[in-house]
Amino acid sequence: MRRSLIAVALLLLAPLATAQVYKWTDASGTVHYSEAPPAQGTRFEKVTTTGTAQPLAPPPTSETAGAREAPAQPAQPVADTPENRASLCTTLKSNISALQGGGPVVMQQNGKSVALDDAQRKQQVASAQAQYDQFCQQAR
């Protein structure tokens with residue numbers, strides 16, 4: 001019953017969302033959603049309001065489908081520039097605001113979309129706030 005209520009709420013709110021949403025995974029495997037793009041150099045997807053995501057690259061053609069894929073490269077560290085730090089701080093503030101809001105928050109866990117419960121929300125708020133305190137307090 002609770003899942004169906006969350007699904008209905010998300011379906012009703014989806015057409016109202018007019019902002020672009022960005023989705024990315026950080027180095028610890030946490031999936032983030034934000035209206036602001038992540039720091040430069042971070043791989044992300046643009047999520048449409050229909051619930052589908054635009055892929056980072058076009059699907060492979062029949063010529064390349066049979067070719068072996070190269071193993072994924074580990075994420076490269078992002079340079080600590082004022083622009084990247086400002087982008088990170090903006091994203092963290094946006095995430096904290098969304099987590100503290102009243103609407104449902106959905107994250108990817110093990111390849112599945114899962115709505116956060118109150119305890120998970122508090123944990124994510126604490127994590128985002130700790131990152132904000134660490135990286136953004138001196139920027140004030």
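Colleague: What should I know before reading the values?

Modeller: The model is predicted, so local features need pLDDT of at least 70 and side-chain atom pairs count only at pLDDT 80 or more, while totals for chains, interfaces and linings use all residues. Residues are numbered from 1 along each chain as its sequence is written, and side-chain values use heavy atoms, with hydrogens and water left out.

Colleague: How many helices and strands are in the chain, and how do the elements run?

Modeller: Helices (H or I, at least four residues) and strands (E, at least two) are DSSP runs, numbered from the N terminus. Here there are four helices and six strands. From the N terminus, the order is α-β-β-β-β-α-α-β-β-α.

Colleague: Which residues of helix 3 are buried, and what do they pack against?

Modeller: Buried means under 20% relative accessible area, exposed over 50%, and partly exposed in between (1.4 Å probe, protein chains only). In the chain, 20% of the 140 residues count as buried. In helix 3 the buried residues are Asn 84, Ser 87, Cys 89, Thr 91, Leu 92, Asn 95, Ile 96 and Leu 99. Contact means heavy atoms within 4.5 Å. The buried residues of helix 3 pack against strand 1 (21-25), strand 2 (31-34) and helix 4 (118-136).

Colleague: At what angle do helix 3 and helix 4 cross?

Modeller: Axes are lines fitted to C-alpha atoms, for helices over the stretch in contact, and angles run from 0 to 180 degrees between N-to-C directions. The axes of helix 3 and helix 4 come within 9 Å and cross at roughly 155°. Helix 3 is therefore roughly antiparallel to helix 4; angles under 35 degrees count as roughly parallel, over 145 as roughly antiparallel, 65 to 115 as roughly perpendicular and the rest as oblique.

Colleague: Which residues meet there?

Modeller: Residues of helix 3 in the contact include Leu 88, Leu 92 and Ile 96, and those of helix 4 include Val 125, Ala 128 and Phe 135. By class, the contact has 11 nonpolar, four polar and three charged residues. Ala, Val, Leu, Ile, Met, Phe, Trp, Tyr, Cys and Pro count as nonpolar, Asp, Glu, Lys and Arg as charged, and the others, Gly among them, as polar.

Colleague: What does Ser 34 touch?

Modeller: Ser 34 lies in strand 2 and is buried, with a relative accessible area of 4%. Leaving out residues up to four places away in sequence, Ser 34 touches Gln 20, Val 21, Tyr 22, Trp 24, Thr 91, Ser 94 and Asn 95.

Colleague: Are Ala 39 and Pro 37 buried or partly exposed?

Modeller: Ala 39 is in the loop between strand 2 and strand 3 (45-47), and is buried at 15% relative accessible area. Pro 37 is found in the loop between strand 2 and strand 3 and counts as partly exposed, at 38%. Pro 37 touches Tyr 22, Ser 87 and Thr 91, not counting residues up to four places away in sequence.

Colleague: Where does Asn 84 lie, and what does Asn 84 touch?

Modeller: Asn 84 is in helix 3, buried at 8% relative accessibility. Beyond four places in sequence, Asn 84 touches Ala 39, Gln 40, Val 78 and Ala 79.
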